[in-house]
Amino acid sequence: QDLTQKIIAAAIEVHKNMGPGVLETVYLNCLCFEFTLRGLLFEKQLEVPLLYKDQTVGCSFRLDFLIV
């Protein structure tokens, strides 16, 4: 629950400061800053392999963030 609160607080802070309609990369970079301020460990832009019939057939998905 504490982790969830930190993530939501970071997102709200970015939205308060940047407002709507900014490029996704701007939000991503600002969230990285806020996550770091809050002591959250994270990885960004992780590729997720696409599995089809138990075979990796490419990388069609990308996670914005993985909070660890």
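Buried means under 20% relative accessible area, exposed means over 50%, and partly exposed is in between, with a 1.4 Å probe and protein chains only. By that rule leucine 41, at 58% relative accessibility, counts as exposed.

Before I go on, the conditions. This is a predicted model, where local features need pLDDT of at least 70, side-chain atom pairs count only at pLDDT 80 or more, and totals for chains, interfaces and linings use all residues. Residues are numbered from 1 along each chain as its sequence is written, and side-chain values use heavy atoms, with hydrogens and water left out.

Back to leucine 41. This residue sits in the loop between helix 2 (24-37) and strand 1 (42-48); helices (H or I, at least four residues) and strands (E, at least two) are DSSP runs, numbered from the N terminus. Together with Leu63, Leu66 and Val68, Leu41 makes a nonpolar surface patch of about 360 Å². Patch residues have over 30% relative accessible area and no salt bridge, and nonpolar side chains (Val, Leu, Ile, Met, Phe, Trp, Tyr) are joined within 5 Å, like charges within 9 Å. The areas come from the Shrake-Rupley method with a 1.4 Å probe.

Now the inside. The largest nonpolar core has eight residues: Ala10, Val14, Leu28, Leu31, Cys32, Phe35, Leu40 and Phe65. A core here is a set of buried Ala, Val, Leu, Ile, Met, Phe, Trp, Tyr and Cys residues joined through side-chain atoms within 4.5 Å. Which helix gives the largest share of this core? Helix 2 does, with four residues. Phenylalanine 35, leaving aside neighbours within four places in sequence, is in contact (heavy atoms within 4.5 Å) with Ile7, Ala10, Leu40, Phe42, Phe65 and Ile67.

Last, charges. The whole structure has four salt bridges, each a side-chain nitrogen of Lys or Arg within 4 Å of a carboxyl oxygen of Asp or Glu. I will go through three.

One joins glutamate 13 and lysine 16 at 3.5 Å, N to O. The two are three residues apart in helix 1, so about one helical turn separates them. Glutamate 13 is partly exposed at 25% relative accessibility, while lysine 16 is exposed at 62%.

Another joins arginine 38 and glutamate 34 at 2.3 Å, N to O. Arginine 38 is partly exposed at 25%, and glutamate 34 counts as buried at 11%.

Then there is glutamate 47 with arginine 62, at 3.4 Å, N to O. Glutamate 47 is in strand 1 and arginine 62 in strand 4 (residues 61-67), so this pair ties together parts 15 residues apart in sequence. Arginine 62 is partly exposed, at 47% relative accessible area.
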